[in-house]
Each structure stands twice: as structure tokens, then as C-alpha cells.
Amino acid sequence: MKINRYLIMAMVLSLVLLGLPFYTHASWQDPVKPGWKEGEAKKGWIQSKLQHMTLEEKVGQLFIVHVYGKKAEDPAYEQTNLTNNRGGKNFKEVIEKYKIGGVIYFNWSQNITTPADPPQVNALSNELQKIAMSQRMQIPLYISTDQEGGIVQRLTSPGTVFPGNMALGATRSTEYAAKTADILAKELKAIGVNMDFAPVADVNMNPANPVIGVRSFGEDPKLVSDLTVAQVKAFQNQNVIATAKHFPGHGDTAVDSHYGLPIINHDLETLHKVDLAPFKAAIEAGVDSIMTAHIVVPALDDSGLPATLSKPILTDLLRKELGFDGLIITDSLDMSGAQVVPADRIAVEAFKAGSDILLNPPNVEVAYNAVLNAVKNGEISKKRLDESVYRILEYKMKRGLFDNPYTDSSAVKAVGAPEHLAAADEIANKSITLVKNDDGLLPLKKTESVLIAGPSSGKPTMLADLLKAKGFNASASSASPTPTAAQIAAAVERAKQADKVIVTTYNGATNAGQQQLVKALQDSGKKVNVVAIRNPYDLMAFPTVSAYLTTYGDRDVSIHALSRVLAGEVNPAGKLPVSIPGLYGYGTGLTY
């Protein structure tokens, strides 16, 4: 006789509500297929799973950690993992020992190489899920990474590389923002990644911001909100968890929280109108996850603690006032901005502040044991622990991980698909912004000789080669990231033979050597055209140059688009998504 599945669910729920054991700790089995669960049945299924988890298994679910290696058991990285306090010699040992909730992939940990090997990452993800699903409680992993597009993108070539968020801001297109996230999500899914720490919802108001900058969509809260929402929806339509970051807003700081502790001195009105606006929009759009920032915001919490460790910010503001009921995840706990309490207290304090997921602690064993002991001694209540573990299981279910955590090996064909690459090119073409063009110096003419000078970080050689391939008489003078006096002199000498001079700068507004290069070329009598290859603020350092463009990023896709604009094949269409203080306002953008 076939038993009605809804009757089974009702029986399970009744037993749970009555507090009766349904399965033993020794072997827990799903009462029904996860895909059937909705409403009260879903709640009962999660509660049943939660009821049968040990304290150690629950604490393990709170952690997402990084481990070095290209495989679940990679002998080449065993000592590296032990030396770097990863909690074990390989992924397999860490999962089995701590029953962790997830992992995070980095390039430097060799999980995703540069260039990428999609079949390798796909196989790694499946190996890790198989290990997790072989444990007593069979809970799939969050497999996460930072795939923002632009300068922060872990899956690169042969995957689709996008020009980045500020470039999207320059297009003003929610359609392009959604398309970018849709493609990023499809390619992440192909390698087994189900959680992306994107989009960046920070409103970049400070030209000196060393950590956000072009990772932001821009300085206008409405633009940032609109593009954030477009990306949240697109990621989650592909069943990839989106994460709006960095709450309550990392856009107005001159300190990098990787290396210090920034302070945001905005008043409450500014915070709500500017910094918090994109997060409110993301919450309204149903974002799954929000990442905390290691920043001090005195108007929200005068204790001096960063938001990651602040109960007034995470619990009182985010959870209660703003009504966010999704996952709260810390920024990486190994960053300097989080190191304001003793090492064995960081994870505990972040959890007590309101976080659900503790990301990337510097010492896995220390962090895990600290939280476990805090629960055992009553500092953290079991009720509070269950709230977070319930939420973690709920979103794993919501995104289909209990149904099937694996990714077919054939899925990697989506990585770098021709239509994806074409979309990235189209977006890059529309993003290049022409801010200044005195005397119509641009576009270039094939009858003129042109010298491309600049630091190697500005990719002058690549740009010259692209122009030569188009039939231009172009040459390059490449210098070190901070050009030396000898390199500057060599560029000036070579410029004498050129009809036009282009300097590609990379964060030139804060680089004295690059500024001296531009000045020396101007002093030689040449009309200098500057292209800011990363931050668009470089013009502040040399406002009298003859022409000025900005790409918002150094990825090859942006350099190719730049070459098309310089050659006159593409008419520049970008509009500044930020203002250049004292010079050009938000929305500036010329065409030929």
C-alpha cells in the first residue's frame, strides 16, 4: 500500500511538536523527500533535523572556512593547512572533525587556480559535498566565494570576466547588472558554488576609499539600490545565495578593514538616507544573506566595537528595526578590523552580536572550541544557537541543496560560453567614460603615431598591441607601478617622436611616481591624454591634461573596450557614477 506523503509529514510534525523522538542519534533519516516540504511541513522537517543534531554538529554548522588544496585530500597542501591552523590537514579531515557548515574558495588557497580549471573545481565541490553527505546528519555544504565581477573575481579565464560594479554604474543599466549576475551565477553553479558574497551594496562616497572604490556601483544611493536589487534577484533566480555587503555600509572610509579599523562618522540621517538605503532595498527584494563590515559606526553603537561584533547594529538595527530574517554572515574574521578582542573571543562575540555564520576564522580549532564552550557554559543559550542553525538549514533547503547538492561534470560547458563572453564585451563597451576631450583629440587617427606610457599595472603594452592590431602606429613605454626617474625620462624621450601621448594610470591619484610621469610629459610640451585604468578619481592629481577617460577596472575585457573607444570603433557612452571632487559632477560623460 502506498502511503500518502502528506500524511507522513503530518505524523512527523505531530511527533516533533509533542517532543517525542522520531529517530535516534545513531542514524537520522529524512522523513520525506526534501522537495515536498512547504509551510508547516518544512518547519517540522527542519525542527526534526535540529532535534537530532548533537551540540557539536550544531556549532559546526555556524562556520564557513577556507582550506588549501585542489582536491578533498591533497597531499601537496597538508603541511600548509596545519601550519595555517585550518583545523586539519585537508578538506576531508576538517569536514569530518568539525561538521562545518561550508567552505570558501580562494585563488591563493588553490581551490580555484588562475587561470581556472573548471573540471577540477567541479570535482572538488562534488567531493566535498559527498563527504558532508556521508556524515551522520547528511547536511550539504555552503560552497562560497567572492565573485563580484571586476577586480574581485575568483573564477576568471576561461570563465567570463566582467568589467566590474562601477563600470555597471557607468552604464546606468539594471538590465546589464542583472545580466552580469545571471551569468556569474550560472558559471558558479557549473563549478559547484552555491553561495556568492555579492553584490557590493556599499555607496562609495570617499575618493580615498582603499578597499571599496570601483567595487561599488557608485555614489548615488538610488543607483546603488537599483543595481543591487537587480543582482540579488538574478543570483537567486539561479538558486545561488546572494549576499549584500558590507553592512551597515563601507563606502565612506579611508582605511582598509583588512589592515585597520575604519570609523564611519555619519549621523543617523545620512546613514539611513545613504549607507543603509541599498541594504533596505535588498531586504525588500528578499536577499538571502547580508555580510557585516568590520567598521565602527558611533551613531549606531558608541562602544567602539566594529559592526561585526555589535549587537546594537546586527540585532537591534538589522534584525529588529529593518526586519531582516535571512542569514547574517560576518566578513572574514581573519581581517585586522575584527581583531579588537582576544583571538579566542572573536567568533563568540560575533555570534552574540547576532551573526548566524562565522566566516573564515584565523584559527578554526580555537574559534570552534570557543563557541562550543560558550554554549556549554551558558554564555550562549541553546535557544540562540538553534535559531541560527535553523536559519542555516532553512536556506540550504530553500536553495535546493538538500534535494541535490551535486553538480554534473558536464555543467562546466557553461563556463566562458560564447554568449557570456559577448555580453561582457557589450557591457564593457558601454561603460568606458570620456570625461574630457579638449580640441577633439580623441578618437585617434591612423595617420598619427601614438605612444602609450604608464605603469605596468595600467597595461600600456597590452593597449598598444591592441591598437597595432587595428592598424594604428602605436608603441608602449611600460614602467614599474611607481615609475622611477629613469623610466619617466625614457618615456619623455620616446614621446618626442610621437604625435599623441596616452598615459594609462592605476590609482594615480595616490601614486607620486605616476603623477610625476604625467607632469613630465606635459612639461615636454605634449598634449597628454590620460586613461584611469582603475579608480576614476585620478584626474584630481593632474586636472590640466588634454583628455581623460576612465575604465573602472584593469580586467582585459575593459582594456579591449578601451581600445575600441580610442580607435573610434565604439562611441563612448558611460556616465560618471561618482563625482570627481572640484572638477566633474556625477553623470558627466562625453561622446564623439
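## A strand pair

In this predicted model, Asn437 has Ala547 of strand β16 as its bridge partner.

How many residues of strand β11 are buried? The count is 5 of the 5 residues in the strand, which spans 433–437, so β11 is largely enclosed by the rest of the structure.

Let's turn to a helix pair. The axes of helix α16 (residues 418–431) and helix α20 (residues 556–567) come within 8 Å, crossing at roughly 55 degrees.

Which residues make the contact? From α16 come Ala424, Asp425, Ala428 and Asn429, while α20 supplies Val557, Ser558, Ala561 and Arg564. By type, the residues of this contact divide into 4 nonpolar, 2 polar and 2 charged.

The spacing has a simple background. An α-helix has 3.6 residues a turn, so residues three or four places apart point the same way.

## Helix α11 and its cover

Helix α11 covers residues 277–284, and its buried residues are Ala277, Pro278, Phe279, Ala282 and Ile283. What lies over them? Among the elements covering these buried residues are the helices α9 (221–237), α10 (268–275) and α12 (311–321), together with the strands β7 (243–247) and β8 (289–292).

Just after α11, have a look at the backbone: Gly286 takes a positive phi of about 90 degrees.

Note on methods:
Residues numbered from 1 in each chain as written. Predicted model: local features only at pLDDT ≥ 70, side-chain atom pairs only at ≥ 80, totals over all residues. Heavy atoms only, no water. Axes fitted to C-alpha atoms, helices over the stretch in contact; angles between N-to-C directions. Helix = DSSP H or I, 4+ residues; strand = E, 2+ residues; numbered from the N terminus. Contact = heavy atoms within 4.5 Å. Nonpolar A, V, L, I, M, F, W, Y, C, P; charged D, E, K, R; others polar. Buried < 20%, exposed > 50% of the residue type's maximum accessible area, 1.4 Å probe, protein only. Pairing = 2+ DSSP bridges.
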